[in-house]
Amino acid sequence: MNLKITSNNNQNYKNTVLSFKAKSPKTADTTAHDTSLKNSAALGVAAAAVSAAVIGGIAFAAGKNKVPQEVSNTIKAADDLLNTANGKAKQVIDLAISLQKKVDEACALFKNGGKDSGGNIIGKIIPNTDDKIYAENFLEEYSQSGTLLRKSSFIDDFLVEIEEFTDNGKSKNILKHNWFEGGIESYTEGYGKLADGSEQFTRKIEFSGETGGRLDSPYDINCLYKEMHSASGAKNTELEIIGGDIRHYFEDYNTNTASNRLEIGRGLWLKYGEPDMYVENNTISKKGLENIAKELNFRNGTPVKCTLDSKEIEDGIVNAAKSWEYKDGSWSEITA
């Protein structure tokens, strides 16, 4: 299957709702860029390679004029980010599907009294001793040396949570499961607490969609994936996947509380399986004012506008130091 990448269909994405519509890759009516950019991302079993119509091998509108070097450089940067996003998407989809297997294994082991399919005792059932309406019992799994590796909790025989202990118990991975209706709610990797009591993690997936749904194939994956690269939350990675399809991918993403602004080092949105917008060093203030070092806009998968140093000021006037637009077969610099 193809990993169709979609986005909002309006470059004013701050105030729009992301939308998706399946669409076959189309052939642009412009000549290919001389560099013949190729999308090298291999998506493996979980998802096939993205069509060359999406940035990689992009139909670049050369037209009558020589393509400005700044525009060419920006397209190369967008292509690089798409390749990175494809690789990350495969990792997230594979991880999500493996979590479903982990849930199935824990449930089967609990129901079998801690014995595996061969009758070997590999888990210990800890019965609930509290007088509660819902009885919560536990399944503990240990290493041969006696180290606690995993602890699963069940309410009335339905899975609630799986805790995996890592780094000799200093940190852990936590999988939360909807015990009442089924379905994985979240998975947090490298979970821990700082001295001030705040929580930290290395990776986190928050699942959405149909309650009780299983994650048996890429089509079932609806999630928001985050990587936290520091305890302060700076320079995060964020990837949204709906039904196995990427919606957006951000790098160096952070909500800067000191300056009250949203920051994105590099961001990519796509629409109907084709690129929609790429930005670099994007900041959005609390009032919604936006500053962008680079912005590349597409129409039907073809780049049509490239802007450098775009700034919004209080009265709504946009100041663009440099901007090029593709129109009537050629690229022209926009002048005030």
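Predicted model: local features only at pLDDT ≥ 70, side-chain atom pairs only at ≥ 80, totals over all residues.
Trainee: What makes up the protein chain in terms of helices and strands?
Mentor: The protein chain has 1 helix and 17 strands.

Trainee: How much of the chain counts as buried?
Mentor: The chain has 336 residues, and 45% of them count as buried. The accessible surface comes to about 17,400 Å². Carbon and sulfur atoms hold 47% of that surface. Among contacts between residues at least 6 apart in sequence, 41% join residues at least 24 apart.

Trainee: Why is Cys 107 called buried?
Mentor: Buried means under 20% relative accessible area. Cys 107 has 19% relative accessibility, so Cys 107 counts as buried.

Trainee: And why is Cys 223 called buried?
Mentor: The value for Cys 223 is 2%. The cut-off is under 20%, so Cys 223 counts as buried too.

Trainee: How many disulfides does the structure hold?
Mentor: A search of the whole structure finds 0 disulfides. To count, a pair of cysteine sulfur atoms must lie within 2.5 Å.

Trainee: Why is Glu 290 called buried, and where does Glu 290 sit?
Mentor: Its relative accessible area is 9%. That is under 20%, so Glu 290 is buried. Glu 290 is in strand β14, residues 290-299.

Trainee: What makes the approach of Glu 290 to Asn 282 a polar contact?
Mentor: The two side chains make the contact at 3.1 Å. The limit is a pair of N or O atoms within 3.5 Å, one able to donate a hydrogen and the other to accept it. The pair at 3.1 Å therefore qualifies as a polar contact.

Trainee: How do you know that β14 and β15 pair?
Mentor: Pairing needs at least two bridges. Strands β14 and β15 (residues 302-312) are joined by 8 bridges, so they pair. They run antiparallel. Ile 292 stands opposite Ser 310 in β15. The hairpin of β14 and β15 has 2 residues between the strands. There, Asn 300 takes a positive phi near 55 degrees.

Trainee: What places Pro 303 among the buried residues?
Mentor: Pro 303 is in strand β15. Its relative accessibility is 0%. Buried means under 20%, so Pro 303 counts as buried. The C-alpha atoms of Pro 303 and Ile 75 are separated by 8.2 Å. Along the chain, Pro 303 and Ile 75 are 228 residues apart.

Trainee: Why is Asp 309 called partly exposed?
Mentor: Asp 309 has a relative accessible area of 40%. Buried is under 20% and exposed is over 50%, so 40% falls in between. Asp 309 lies in strand β15. Its phi is near 55 degrees, a positive value in a residue other than glycine.

Trainee: Why is Asp 156 called partly exposed?
Mentor: The value for Asp 156 is 36%. Asp 156 is in the loop between β3 (148-155) and β4 (158-166). Its phi is positive, about 50 degrees, although Asp 156 is not a glycine.

Trainee: Which strands pair with β11, and how do you know?
Mentor: Strand β10 (residues 236-242) pairs with β11 over 6 bridges. Strand β12 (residues 261-271) pairs with β11 over 8 bridges. The requirement is at least two bridges, so both pairs meet it. Both pairings are antiparallel. In β11, Ile 246 is the bridge partner of Ile 241. In β12, Glu 263 is the bridge partner of Asn 254.

Trainee: What do the two turns look like?
Mentor: The hairpin of β10 and β11 has 2 residues between the strands, and Gly 243 in the turn has a positive phi of about 60 degrees. The hairpin of β11 and β12 has 4 residues between the strands, and Asn 260 in the turn has a positive phi of about 55 degrees.

Trainee: Which residues have the most contacts inside the largest nonpolar core?
Mentor: They are Phe 207, Ile 221, Leu 239 and Ile 241, in a core of 47 residues. Helix α1 (residues 69-111) gives the largest share of this core, 19 residues. A second, separate core has 7 residues, including Phe 250 and Trp 269.

Trainee: What does Leu 239 touch?
Mentor: Leaving aside neighbours within four places in sequence, its contacts include Lys 88, Val 92, Cys 223 and Ile 246.

Key
Residues numbered from 1 in each chain as written. Heavy atoms only, no water. Buried < 20%, exposed > 50% of the residue type's maximum accessible area, 1.4 Å probe, protein only. Contact = heavy atoms within 4.5 Å. Areas by Shrake-Rupley, 256 points an atom, 1.4 Å probe, with all protein chains shown as cover. Core = buried A, V, L, I, M, F, W, Y, C linked by side-chain atoms within 4.5 Å.
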